[in-house]
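Good morning, and thank you for making time on the agenda.

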Amino acid sequence: MDLTSGAPFWIVNDGLLATYPRLKRDRRCDVAVIGGGITGALVAHRFVREGIHVILVEGREIGFGSTGASTALIQYEIDSHLCQLIDQVGEAHAVRSYELCQDAVRGIERLATEGGDNCGYQRKKSLYLASRARDRRLLQEEWAARRRAGIEVDFLTPRDIQDRFSFQRPAALLSRLGGEVDAFRLTHKLIAAAARLGLEVHDRTVVSAMDTDRDGVELRTADRCRIQAKKVIFATGYETPDYLDKKIVKLTSTFALATAPGQAFDGWGEDRCLIWETARPYFYARTTEDGRAIIGGADKPFATAHKQEKLIQRQTGKLWAQFARLFPAIPGDIDWIWGGTFGETRDGLPYIGTVPQFPPGYFALGYGGNGITFSYVAAELLIDLFLQRRNPDLQIFRFDR
């Protein structure tokens with residue numbers, strides 16, 4: 001599947017940070033990871049830290065799938081409001097999913113900032129805007145639900161918003177925990193660190209078939225090489241449903257743009273916080289370490305719609321018009337536009353764990369707007385599963401929920 005179109009900013013800006021050899025001979029390992037994006041990087045990094053022999057394979061270059069097109073807002077907030085998620089999955093599971101995402105934000109910051117390169121990570125607050133007047137009540141309910149769960153969040157009135165920003169809205173929630181990162185650089189940083197601990201990495205290596213046996217699973221590549229593993233972890237994102245019996249994700253196309261660097265950001269208060277809204281699909285915005293704005297949204301309900309160049313131009317034009325209404329004093333120089341595939345689940349939660357029809361397979365499917373934080377959660381849960389450490393949190397994200 002073509003997951004991106006146009007010129008994804010991170011790939012253009014960062015370039016080809018590293019390449020790894022194609023798999024050319026048969027290999028054995030404890031765990032094979034399929035997927036060399038941010039999910040595969042987080043999972044492989046977590047497993048090798050436990051001394052587990054891992055081989056990671058990726059059909060493209062590392063990070064050139066959805067990761068390269070990610071706008072990489074790091075938030076604990078799930079696309080499903082906590083007050084509504086409680087009704088869907090129960091209060092215990094809903095609150096715990098928010099807690100795990102908060103832990104993930106802190107963990108991602110630690111991974112991004114340790115060592116020399118911080119991968120453009122910056123701590124940020126997160127501003128969740130009421131798109132319409134009737135959404136004010138929803139945000140009041142959401143504020144109360146988060147406060148009951150022990151989450152630090154402020155409810156902003158129209159006057160509060162006007163005092164801090166160049167726009168007005170009926171209400172907003174301001175969360176204190178969030179961040180932004182260059183997910184492409186972080187992916188390469190994690191894989192390089194894991195490789196120093198023994199991870200074997202092979203990009204441009206397509207897995208074409210697999211069979212199970214009493215020893216685990218055998219992967220066969222398009223170049224007729226074999227990998228024998230006890231377990232295989234699918235970190236293949238939106239390309240994974242081919243391996244599953246039921247449709248678990250709704251695929252759409254989403255769009256994004258990046259402005260020229262060095263902007264002044266007049267009217268963007270709270271230290272250029274992350275911004276998103278209650279409308280669905282929602283508009284969102286962030287900044288970068290070199291002073292760009294990255295703006296995304298304008299989703300269309302077709303997984304491959306982003307491949308139409310005229311549509312990319314039209315949808316990113318809508319995004320820029322919305323941004324200009326929020327921040328009329330910020331100059332309108334756009335450097336890059338792109339589109340990509342986006343997926344969402346019924347309840348906004350990821351799918352993490354196993355399925356009966358493929359016992360040696362583990363799945364780390366971080367669908368939704370929190371893909372990176374969900375991937376961190378998946379890495380933590382799957383290592384417990386592999387080491388046979390009981391973790392009740394796996395029940396939250398099971399496939400048969």
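What you see is a predicted model, in which local features need pLDDT of at least 70 and side-chain atom pairs count only at pLDDT 80 or more, while totals for chains, interfaces and linings use all residues. Residues are numbered from 1 along each chain as its sequence is written, and side-chain values use heavy atoms, with hydrogens and water left out.

I begin with backbone geometry. Ala 72 sits in the loop between α3 (66–69) and β4 (73–75). Its phi is positive, about 55°, although Ala 72 is not a glycine. Is Ala 72 buried or exposed? Here the terms are these: buried means under 20% relative accessible area, exposed over 50%, and partly exposed in between, with a 1.4 Å probe and protein chains only. With a relative accessible area of 2%, Ala 72 is buried.

Asp 271 also calls for a look at phi: the angle is positive, about 55°, and this residue is not a glycine. Asp 271 belongs to helix α9 (residues 269–272). At a relative accessible area of 61%, Asp 271 is exposed.

One peptide bond deserves mention as well. The bond from Arg 280 to Pro 281 is cis, with omega near 0°. Pro 281 is placed in the loop between β15 (274–277) and β16 (284–287).

Throughout, contact means heavy atoms within 4.5 Å. Ala 41 is part of helix α2 (residues 38–48) and is buried, at 1% relative accessibility. Which residues does Ala 41 touch, not counting those up to four places away in sequence? They are Leu 56, Thr 187, Leu 190 and Ile 191. For Leu 190, which is 149 residues away along the chain, the C-alpha separation from Ala 41 is 5.8 Å.

Ser 166 is found in the loop between α7 (158–164) and β8 (172–175), where the residue counts as partly exposed at 32% relative accessibility. Setting aside neighbours within four places in sequence, Ser 166 is in contact with Asp 266, Gly 267, Leu 326, Phe 327 and Pro 328.

Ser 66, in helix α3, is partly exposed at 26% relative accessibility. Its C-alpha atom is separated by 8.4 Å from that of Tyr 238, 172 residues apart along the chain.

Gly 262 lies in the loop between β14 (250–259) and α9, and is exposed at 63% relative accessible area. Beyond residues up to four places away in sequence, Gly 262 touches Asp 290 and Gly 291. From Gly 262 to Asp 135, 127 residues apart along the chain, the C-alpha separation is 34 Å.

Glu 109, in helix α5 (residues 91–113), is buried with a relative accessible area of 18%. This residue touches Tyr 121 and Arg 123, again not counting residues up to four places away in sequence.

Finally, the chain as a whole. Its secondary structure comes to 11 helices and 20 strands. The radius of gyration is 21 Å, close to the 21 Å that the globule rule gives for 401 residues, so the chain is as compact as a globular protein of that length. That radius is taken over C-alpha atoms, and the globule rule is 2.2 Å times the number of residues to the power 0.38. Along the principal axes, the C-alpha trace spans about 65 × 45 × 40 Å. Of the 401 residues, 59% count as buried. Among contacts with a separation of 6 or more, 76% involve residues 24 or more positions apart.

The pLDDT, the predictor's confidence in each residue from 0 to 100, averages 94 over the chain, and 96% of the residues score at least 70. Which elements have the lowest and the highest mean pLDDT? Strand β1 (residues 4–6) has the lowest, at 72, and strand β3 (residues 54–57) the highest, at 99.

How values were computed. Helix = DSSP H or I, 4+ residues; strand = E, 2+ residues; numbered from the N terminus.
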